[in-house]
Each structure stands twice: as structure tokens, then as C-alpha cells.
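The following questions and answers examine the fold of one protein chain.

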Amino acid sequence: MYAVIKTGGKQYRVATGEKIKVEQIAADVGQEIVLDQVLAVGTGGDLKIGTPLVSGATVKATVVAHGKHDKVRIFKMRRRKHYQKHQGHRQQFTELQIGAIAS
């Protein structure tokens, strides 16, 4: 059984037992959260698609860890103009362990 969920402005295909990294969620490590924005639920050959959400479908997940992704380096330059700009960014994430998928 799998589900397509929406969190942090992105969509993820999840199944029971998987670990995923999503945009940071304000929850403590070890806390169980319920993701109720489920766009689709599939079991084998059967697929249930919501308009836009599947009514009554939820995904339970446990917060495993919080952290930061690798640094993305931004470098801007204008040739012959003596202009260079360096910038970096590290996006924060929350790692989730997917538990039960209820449709």
C-alpha cells in the first residue's frame, strides 16, 4: 500500500516503513504526527485519487531526526566588471519514518 502526500509545498510517494526527508516540521524527535493532505492512495492495482484530497485518508509518521542538507553554493559574476558575489544556503529538513496508511 502506498500514498501520495503533500507537505511543505512538495508531493511525496510514501509506503509503510520508508524514511523520507521533508521540509522542516515543528515537532519533537520521537513524536508521532498525522499527515492529512493525502492526494492519492494505492493498493496493488487499485488507485484512489482525490479531488484534490482523498476524504478520510491519513498517514501516520514518526519524527526520526532534524538536520540540514548539504550546502548549496551560489556564485554570481559579471565578466570585466570586477563583480563577484559568493553566497551559500543550507536547507533544514525533518526525517520521517512512515507508519500506518489509513484510507
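Two strands are said to pair if DSSP finds at least two bridges between them. The model discussed here is predicted.

Q: In what order do the strands of the open sheet that contains β3 and β10 lie?
A: This open sheet has 4 strands, and their pairing is antiparallel. Its edge strands are β3 and β4, each of which pairs on one side only. From one strand to the next, the twist averages 45°. The order is β3-β10-β7-β4.

Q: How many bridges join β7 to β10?
A: Strand β10 covers residues 92-102 and runs antiparallel to β7. One of the pairings involves Lys68, whose bridge partner in β10 is Gln92. The number of bridges that join β7 to β10 is 9.

Q: Which residue of β7 is the bridge partner of Glu32?
A: Strand β4 (residues 32-35) and strand β7 (residues 58-68) run antiparallel and are joined by 4 bridges. Glu32 belongs to the uncovered face of β4, together with Val34. Its bridge partner in β7 is Thr62.

Q: Is Val64 buried, partly exposed or exposed?
A: Val64 is found in strand β7. Leaving aside neighbours within four places in sequence, Val64 is in contact with Lys19, Val29, Glu95, Leu96 and Gln97. Buried means under 20% relative accessible area and exposed means over 50%. Because its relative accessibility is 31%, Val64 counts as partly exposed.

Q: What distance separates the C-alpha atoms of Val64 and Thr43?
A: Val64 lies in strand β7. Along the chain, Val64 and Thr43 are 21 residues apart. Their C-alpha atoms are separated by 26 Å.

Q: Which residue of β5 is the bridge partner of Val4?
A: Strand β1 (residues 2-7) pairs with strand β5 (residues 38-43) in the antiparallel sense. The pairing extends over 4 bridges. In β5, the bridge partner of Val4 is Ala40.

Q: What is the relative accessible area of Thr7?
A: Thr7 lies in strand β1. Not counting residues up to four places away in sequence, Thr7 touches Tyr12, Val22 and Ile25. Thr7 is buried because its relative accessible area is 13%.

Q: Which residue forms a salt bridge with Lys10?
A: Side chains of opposite charge can pair when their charged atoms come close. The structure holds 1 salt bridge. The closest N and O atoms are 2.9 Å apart, and the partner of Lys10 is Glu23.

Q: How many residues apart are the two members of the salt bridge formed by Lys10 and Glu23?
A: Lys10 and Glu23 are linked by a salt bridge. This pair connects distant parts of the chain, with Lys10 in strand β2 and Glu23 in strand β3 (residues 19-23), and the two are apart by 13 residues. Lys10 counts as partly exposed because its relative accessibility is 38%, and Glu23 counts as partly exposed because its value is 22%. The separation is 13 residues.

Q: How many strands does the protein chain have?
A: The protein chain has 0 helices. Read along the sequence, the chain follows the pattern β-β-β-β-β-β-β-β-β-β. The number of strands is 10.

Q: What is the radius of gyration of the protein chain?
A: Along its principal axes, the C-alpha trace spans about 60 × 30 × 20 Å. A compact globule of 103 residues would have a radius of gyration near 13 Å. For the protein chain, the radius of gyration is 19 Å.

Q: What percentage of the residues in the protein chain is buried?
A: The chain exposes about 7,100 Å², of which carbon and sulfur atoms supply 48%. The chain has 103 residues, and the buried ones make up 29%.

Technical notes
Residues numbered from 1 in each chain as written. Predicted model: local features only at pLDDT ≥ 70, side-chain atom pairs only at ≥ 80, totals over all residues. Heavy atoms only, no water. Buried < 20%, exposed > 50% of the residue type's maximum accessible area, 1.4 Å probe, protein only. Salt bridge = Lys/Arg side-chain N within 4 Å of Asp/Glu carboxyl O. Rg over C-alpha atoms; globule rule 2.2 N^0.38 Å. Areas by Shrake-Rupley, 256 points an atom, 1.4 Å probe, with all protein chains shown as cover. Contact = heavy atoms within 4.5 Å. Axes fitted to C-alpha atoms, helices over the stretch in contact; angles between N-to-C directions.
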